Amino acid sequence: MIIQLYTFDAKSSTTTLFLAFVLTMGTFDDRKVSPPTATDGEDDDLSPIEEVRLTVTNTDDHTLPVWTFRMWFLGLISCALLSFFNQFFSYRTEPLVITQITVQVATLPIGHFLAAVLPETKFRLPGFGSKSFSFNPGPFNMKEHVLISIFANAGSAFGNGSAYAVGIVTIIKAFYHRNISFLAGWLLIITTQVLGYGWAGLLRKYVVEPAHMWWPGTLVQVSLFRALHEKDEQRMTRAKFFLIALICSFSWYLVPGYLFSTLSSISWVCWAFSNSVTAQQLGSGMKGLGLGAITLDWSVVASFLFSPLISPFFAIVNVLLGYALIIYVIMPLSYWGVDLYGARRFPIFSSHLFTAEGQKYNISAIVNDKFQIDMQKYEEQGRIHLSTFFSLTYGFGFASIASTLTHVAFFYGREIYDRFRASYKEKEDIHTRLMKRYKDIPNWWFHLLLLVTLVVALILCTVLNDQVQMPWWGLIFASAIAFIFTLPISIITATTNQTPGLNIITEYIMGVILPGRPIANVCFKVYGYMSMTQAISFLSDFKLGHYMKIPPRSMFLVQFIGTILAGTINLAVAVWMLDSIENICQDELLPPDSPWTCPGDRVFFDASVIWGLVGPKRIFGSLGNYSSMNWFFLGGALGPIIIWLFYKAFPKQSWLPLVNLPVILGATGAMPPATPVNFNSWIIVGTIFNCFVFRYRKQWWQRYNYILSAALDAGVAFMAVLLYFSVGVEDIGVSWWGTDGEHCPLASCPTAKGINVPGSGCPVN
Ligand SMILES: *[C@@H]1O[C@H](CO)[C@@H](O)[C@H](O)[C@H]1NC(C)=O
């Protein structure tokens, strides 16, 4: 089993890291495998995939109500709350993403509660004929619960946090200090989020219905739903546990979130060596290599990589390998060893852009009135330089996308091909047959959706072209790329759970074709990359609905409404925060304890400068300093082939296929914006729970692990918002040593001879 690859900018970490829990499948061992019902009873009906047979029931009660008041109420509220929280958090230094799992766990007791207290009276609604309606049509059932969590999934933009296109609005307003109208922003967000649904719907026949397209990631959800619903007698203890953990997490976050923020990154090495640049570069958890840095703040643990409690141990090991290799082997070698690309002229760990002399590059100065590059001013400041760490992460991004392609081709090519062929020949399995009972979605729904979205997007690119810069052919080209890649990549995801992201490829292509226009480049990236990602998430949700026997039309409506609602709330919250928080996202102007540094948007902004404004030719091409980075594409592509050849030569070494190069190379894909303290604490907490507790306290793990994760997320989220509205708006700060950041002022000093940054407090070189 393989984990989802982290793609490159953190905002784009495709779907969540819910791994195929197939490895830990034994966990829910109290699960009964229900025999097929009498009418559907031949064995050859069963799914050909063993994991599916073990996880998904073969029965369906099609009388269960799904369009209930409870479903709409909890679903819409979860979607709205999640899109609010996730957008709110996306600007924070530790942008916690609250995922579907939290809602899945938290809404269960509420659903049962509503089923217990709502009146059961039936009434007739005029215009609905003989159908009667009730606020409470019986016990809270699993199908309602699935739909609620699908709503929630839309609210967390399938685990991305918020709609990707909101990043465009953010960088225009907060980084370029220009403006984009609310209407243009809204159309951009909604069209990028739903464009992919149009063709995804048409592909359901190929990647949802066949049993061989089994979507390993969705089985995690199925087992969680079943675990939550099938052990009714323990409902109370679980709910109580959730509540207690929630209150603890809520109260504790007052300490690192307000009273003692230094606990967020305990970089004790810096405290011990307060005058040594080298020690602070090594020890700073946020601006250095994070040696020994830990945290007592859940939002730091779970921010960029999602909760460690929901990642199985082998995935944690792969991430640990990649992280240790890059941060503790390659980084020291390239900084102190070979001084790669003039590493010592810049901070060791930074996502800012610099001039050759180690000063911050003034990007506003090279943008002209037409929001394009001003070549004369660019020549004045010279080439753009990256900190060595940042340039290396681009290199690893290149390598990881290339290695995903060859890894999948060599290790899974055969399996994918066989499964795809089998899916043509096979009989319908029991799940597809049970789904036949429900009205299918007519294809014209999807045709219409596709047509309307394309027309609206075309209007955006032509009539409102001054806002988005992208020419109409850019939209067509981006949609074509996304469309062509959707089927192959969804087959890869459906059989192996890996989703290669197209972001680097799309920005590279557009940067070569049309350099000089930053917004055109990010729009192209968002249309090309996001519509494919959305299509795949949509299909994955559909497979979940398929396994859980949710009527397809309800699935579609819930996804569609959820996506529109979430995108609208994301944008409204973004505009509100960008307008109301002074100097948001400008870390040099913010006070040291301000949480509003927007690390993810900074990386998105850098990408718009590198690929759009300046163009890859002047960075990674013949006119740039970093052209050797392109070798990473080749290295990444060859790596898995070498491992595969070794495996063919020594087939007894069964650990060889477990060396998952895409995961190892992509391990640090979340960095930047993630920093070493996030990785340290994520790895430690994940190891404790998914290695030790999982192995030695299995019962506890099985009962409470996910619930603990959800409660910690929810507690932090509520306290952070409460703090913002109580003391944040009024700016009532406490101020002492413990709220003054992590106390590593020297960590970002350059160390090359003759490079000095005025006013930085660094020793003179
Ligand atoms: C950057 O350039 C702009 C335009 O030339 C100027 O107004 C601004 O003060 C500069 N900022 C810095 C930090 O030098």
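**H3 and H7**

I looked up how helix H3 (residues 100-117) packs on helix H7 (residues 216-230) in this predicted model. Their axes come within 11 Å and cross at roughly 15 degrees. Axes here are lines fitted to C-alpha atoms, for helices over the stretch in contact, and angles run from 0 to 180 degrees between N-to-C directions. Helices are DSSP runs of H or I with at least four residues, strands are runs of E with at least two, and both are numbered from the N terminus. I noted H3 and H7 as roughly parallel to each other. The classes are under 35 degrees for roughly parallel, over 145 for roughly antiparallel, 65 to 115 for roughly perpendicular, and oblique for the rest.

The crossing of H3 and H7 is right-handed. By the convention, a crossing is right-handed if the near helix is turned clockwise from the far one by less than a right angle, and left-handed if anticlockwise.

I then listed the contact residues, with contact meaning heavy atoms within 4.5 Å. From H3 they are Gln100, Ile101, Gln104 and Leu108, and from H7 they are Gln221, Leu224, Phe225, Leu228 and His229. The contact of H3 with H7 has five nonpolar, four polar and no charged residues. Nonpolar covers Ala, Val, Leu, Ile, Met, Phe, Trp, Tyr, Cys and Pro; charged covers Asp, Glu, Lys and Arg; the others, Gly among them, are polar.

**Basis of the entries**

For the model, local features need pLDDT of at least 70 and side-chain atom pairs count only at pLDDT 80 or more, while totals for chains, interfaces and linings use all residues. Residues are numbered from 1 along each chain as its sequence is written, and side-chain values use heavy atoms, with hydrogens and water left out.

**H19 and H20**

Trp473, Phe477 and Ile481 of H19 meet Ile509, Met510 and Ile513 of H20. I sorted the contact residues of H19 with H20 by class and got six nonpolar, no polar and no charged.

**Disulfides**

I searched for disulfides (cysteine sulfur atoms within 2.5 Å) and found three. In sequence order of the bonded cysteines, the pairing is 1-4, 2-3, 5-6.

Cys270 is joined to Cys744, S to S 2.1 Å. This pair links distant parts of the chain, 474 residues apart, with Cys270 in helix H10 (residues 268-272) and Cys744 in the segment after helix H27 (698-728). The link of Cys270 and Cys744 is right-handed, with 100 degrees about the S-S bond. Both cysteines are buried, meaning under 20% relative accessible area, with exposed over 50% and partly exposed in between (1.4 Å probe, protein chains only).

The sulfur atoms of Cys585 and Cys598 are 2.0 Å apart. Both residues lie in the loop between helix H22 (552-580) and helix H23 (599-613), so the pair ties together parts that are 13 residues apart in sequence. I noted -75 degrees about the S-S bond and a left-handed link for Cys585 and Cys598. Cys585 and Cys598 are buried.

For Cys749 and Cys762 I noted a sulfur separation of 1.9 Å. The torsion about their S-S bond is about -90 degrees, so this disulfide is left-handed. Cys749 and Cys762 are buried.

**Two further cysteines**

I looked up the accessibility of Cys79, which counts as buried at 0% relative accessibility. Cys691 counts as buried at 7%.
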